[in-house]
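Please look over the sequence and the model before reading on.

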Amino acid sequence: MRRRGSDFRRPVRRRIPNVFWLTLCGLVILLFIVLLSRESGQSASRSVYTKRNLRHEKVMEGLNITDEMLSPDSVTRQLNDQISLAKAYLVIAKENNNLQFAWELSAQIRNSQILLSNAALSRTPLKITASETAVRDMALLLFQAQQLHYDSATMIMKLKAKIQTLEEEKNTIKEESSKLGQVAAEEVPKSLYCLGVRLTSEWFKNANLATKVKENRHTALKVKDNSLYHFCVFSDNILATSVVVNSTASNSKNPEKVVFHLVTDEVNYAAMRAWFALNSFGGVTVDVQKIEDFTWLNSSYVPVLKQLQDSDTQSYYFSGSGGDNRTPIKFRNPKYLSMLNHLRFYIPEVFPALKKVVFLDDDVVVQKDISPLFSLDLNGNVNGAVETCMETFHRYHKYLNYSHPLIREHFDPDACGWAFGMNVFDLVEWRRRNVTGIYHYWQEKNVDRTLWKLGTLPPGLLTFYGLTEPLNPSWHVLGLGYASVEQGLIDKGAVLHFNGNSKPWLKIRIEKYKSLWDKYVDYGLPLLQQCNVH
């Protein structure tokens with residue numbers, strides 16, 4: 001085949017390299033990204049600016065600030081600052097009995113406030129021409145205050161002195177309040193006094209009551225039967241003791257197996273017997289004794305009674321003149337020397353035939369069946385109690401004087417405390433370990449009140465140290481006489497304790513807890529109505 005001539009050949013097409021196209025595409029994409037980021041940046045800056053303005057407006061609205069007040073030449077802010085300073089000077093002028101100057105300051109403060117009020121009502125900024133006289137007059141008075149030594153240093157000193165004076169007044173009022181609260185807690189309400197008198201009269205008038213008690217042979221047998229559930233209460237409060245018995249009986253699955261051993265004093269003995277003879281408590285057996293019949297409770301055996309013969313102890317507790325006058329009144333309460341209060345340390349001797357008892361204070365309410373307490377294993381310990389070292393309650397170092405070598409050497413300051421008020425006592429183990437002798441030892445060591453000051457709990461902590469078995473906290477809920485207790489704890493609690501000054505039968509009670517106690521009092525009984533018990 002013959003080739004075409006060179007003139008007749010097709011021109012060759014020149015191809016653009018692929019690298020060129022890739023570069024061009026990359027530049028276009030890069031340009032697009034730059035334009036997009038600039039657009040988003042502008043929108044973001046606009047958004048931030050908008051948010052900042054909104055926040056700024058909210059702050060101004062919340063603080064009641066206007067643009068005019070934020071101006072460096074704001075007359076409104078200047079007047080407000082002058083008024084604040086003038087009010088401080090006014091207080092000091094009055095304290096210094098400079099009444100004329102105080103009156104001038106008050107008048108000028110009113111003038112400046114009127115100017116500000118008018119400007120706010122008219123919604124127009126306050127002009128310097130309208131306020132020049134007020135600003136100048138106020139400035140003159142403030143300068144005059146400085147010349148009277150009402151400067152900042154003087155103000156601080158005077159305010160410190162005032163704070164100290166107020167602090168002293170507060171402490172005095174607090175102490176007085178504590179004394180009055182203590183007196184209110186110790187006083188027997190007239191209604192309860194009336195109840196005691198009427199019951200005593202009924203006991204001696206109604207011979208059938210005494211006959212009924214004497215002829216009840218079942219009581220004599222049950223009080224020594226260790227197959228039953230034995231509870232003891234030591235109290236001179238008839239109505240409170242009645243609530244303990246009634247609440248236990250009402251919530252017991254086997255009330256006929258419940259025996260209550262009540263010990264009171266000579267004054268309330270007849271009234272206590274009359275009350276429990278007149279009223280029925282669901283088959284519960286109730287035995288009433290008086291402390292005066294325990295002839296072995298004498299000063300030769302009982303350290304507390306021996307201390308009562310000491311003139312210093314009598315002065316400390318009854319006249320309030322002995323010892324450290326700074327000791328709070330609650331530490332000087334004579335009830336802490338009452339044998340009804342200390343009888344808890346002599347339970348094996350009060351009930352020599354019993355092997356196990358549950359001790360209850362007279363300010364508790366039982367709201368569940370507590371007979372299972374008698375089947376608890378105390379693991380060789382004497383005392384079963386709920387520990388109180390969690391949350392707001394205290395450990396040993398809160399009750400005892402750890403600066404004393406006897407306390408420091410024998411007791412762990414961080415040992416967990418526990419509560420009286422609902423305690424399971426193994427009397428067999430108590431007798432074997434001579435726990436009452438331990439109590440006597442510590443009471444004799446504390447004759448000068450250097451180991452502890454208050455009540456029966458500190459000697460109890462010493463006596464039962466290493467001999468206490470912790471119980472589930474739901475068995476014993478404390479604090480209803482002085483604190484706010486969670487409703488969940490109250491609902492789960494088997495025994496509710498109104499420990500503290502605000503007892504439910506007093507006017508100073510905590511009202512929201514009174515219904516827990518009231519449900520076990522029959523206010524319809526004639527005796528209670530006659531004595532206005534409510």
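Is the link of Cys-389 and Cys-416 left-handed or right-handed about the S-S bond? With -90° about that bond, the link is left-handed. The model is a predicted one, and the count of disulfides in it comes to two. With the bonded cysteines numbered in sequence order, the pairing is 1-4, 2-3.

**Cys-389 and Cys-416**
- The sulfur atoms of Cys-389 and Cys-416 are 1.8 Å apart, and the two residues form a disulfide.
- Cys-389 lies in the loop between β6 and α16 (405–410) and Cys-416 in the loop between α16 and β7 (422–426), so the pair ties together parts that are 27 residues apart in sequence.
- Both Cys-389 and Cys-416 are buried.

**Cys-194 and Cys-531**
- Cys-194 and Cys-531 form a disulfide, with 2.1 Å between their sulfur atoms.
- This pair links distant parts of the chain, 337 residues apart: Cys-194 is in helix α7 (residues 190–205), and Cys-531 is in the segment after α22.
- The torsion about the S-S bond of Cys-194 and Cys-531 is about -70°, so this disulfide is left-handed.
- Cys-531 has 5% relative accessibility and counts as buried.

**Another cysteine**
- Cys-232 is buried, as its relative accessible area is 0%.

**Asparagines with positive phi**
- Asn-532 lies in the segment after α22 (526–530), and its phi is near 60°, a positive value in a residue other than glycine.
- Asn-532 is exposed, with a relative accessible area of 54%.
- Asn-379 is placed in the loop between β5 (364–366) and β6 (383–385), and its phi, near 55°, is also positive.
- Asn-379 has a relative accessible area of 52% and is exposed.

Terms used. Residues numbered from 1 in each chain as written. Predicted model: local features only at pLDDT ≥ 70, side-chain atom pairs only at ≥ 80, totals over all residues. Heavy atoms only, no water. Helix = DSSP H or I, 4+ residues; strand = E, 2+ residues; numbered from the N terminus. Buried < 20%, exposed > 50% of the residue type's maximum accessible area, 1.4 Å probe, protein only. Disulfide = S-S within 2.5 Å.
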